[in-house]
Amino acid sequence: MDDSLFQTVRDALYPCDDPRLQPFVERLRARFKTGLLAIVFYGSKLDPVTDTPTSFYDFYLISDSYRKLHAGSRGQALLNGLLPPNIYYEDLGAGMACKACSISLEQLREQVRPGAKDFYHRGRFSKRFCVAWAANQDAVDELTQIWLDASDSLLAQALVLCGNRFEIQDFSKALLKLSYLGEVRPETDDKIEQLYEAQSGFYSDVHARLLERFRRAHHRELGLEQQDGRVVYYQRRTVSARLAGRKQLERALKRSKRRAVARWPKQMMQVDNWLEIILAKFERTQGEKLELTARQRRHPLLLGWPLLLRLKRQGKIK
């Protein structure tokens, strides 16, 4: 690994000097007193470009042991290892609320590798995030490597989405897009543009360096040239090879979406108002307000499915 690339990514992830986060960090550390290695801040609140008045604060709790993280709750520890993450909701009052996901460092390493079964964690941890708190510097280094591994694991699949000729911003947007193609969630059509614009300097720099490393290792597949002062990449793979790559990606995306839906019952059980949070996000991104019946509010695990599946069939949740 290029030491300068590692340091560039590390400097972008840590430290995170955002005073808004301190109350959340204190609450989460008080709730999860043991086994906590780091608290990662990610999502739309990370940058003013993507932040909205109704956006949630999103955190990831990275642990070294589910048993220690969920001290006193064997069930939560066992559940966390099944289709991670566990998801928790914290309301600090005065409009301050957050969603916190938990995963062990060991499972996170597995979830960002090329052989991972879905895009859930590869997508989240290949976007820029911020380490809001770390137990030690080793934890920061681990998370830096996880960002690099997650991005590396998506590189070849992002190339499938690129044309025969493309520039670095096209590649960055393709890589960011994979996170949403592999899930079932409501998002605005311009979400990828917003994400890229929010961190365009970071993405264009580190993605170009990752792509150059790939190009040197696979020079028969990918080339580059200077064109009017711009760097233009071109793919040398045959038409049949590109078609095979697209079919393989489509299968991977379908599997990822099935696993995303399989996580819903667990999330419904853990977060009391999970369905309302999803519909609030739907209203924010789609501009359409959906009301829950009294029975749906009381029994979201049993009665929330028809509503979500109807929105999926209508193409409103992709």
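Strands here are DSSP runs of E with at least two residues, numbered from the N terminus. The model is predicted, and I kept that in mind for every entry below.

Entry on Ser104. I looked up where Ser104 sits and found it in strand β4, which covers residues 96-104. Is Ser104 buried or exposed? Ser104 has a relative accessible area of 8%, and because the cut-off for buried is under 20%, Ser104 counts as buried. Leaving out residues up to four places away in sequence, I noted that Ser104 touches Ser63 and Tyr66.

Entry on the nonpolar cores. I then turned to the largest nonpolar core, which holds 61 residues, and noted that Ile62, Phe125, Leu143 and Phe171 touch the most other members. Helix α7, residues 137-161, supplies the largest share of this core, with 12 residues.

Entry on Lys177. I found Lys177 in helix α8, which runs over residues 168-181. Its relative accessibility is 40%, so I recorded Lys177 as partly exposed, the range for that class lying between the 20% and 50% cut-offs. Last, I checked Lys177 against Leu195, which lies 18 residues apart from it along the chain, and the separation of their C-alpha atoms came to 9.7 Å.

Notes: Residues are numbered from 1 along each chain as its sequence is written. This is a predicted model: local features need pLDDT of at least 70, side-chain atom pairs count only at pLDDT 80 or more; totals for chains, interfaces and linings use all residues. Side-chain values use heavy atoms; hydrogens and water are left out. A nonpolar core is a set of buried Ala, Val, Leu, Ile, Met, Phe, Trp, Tyr and Cys residues joined through side-chain atoms within 4.5 Å. Buried means under 20% relative accessible area, exposed over 50%, partly exposed in between (1.4 Å probe, protein chains only). Helices (H or I, at least four residues) and strands (E, at least two) are DSSP runs, numbered from the N terminus. Contact means heavy atoms within 4.5 Å.
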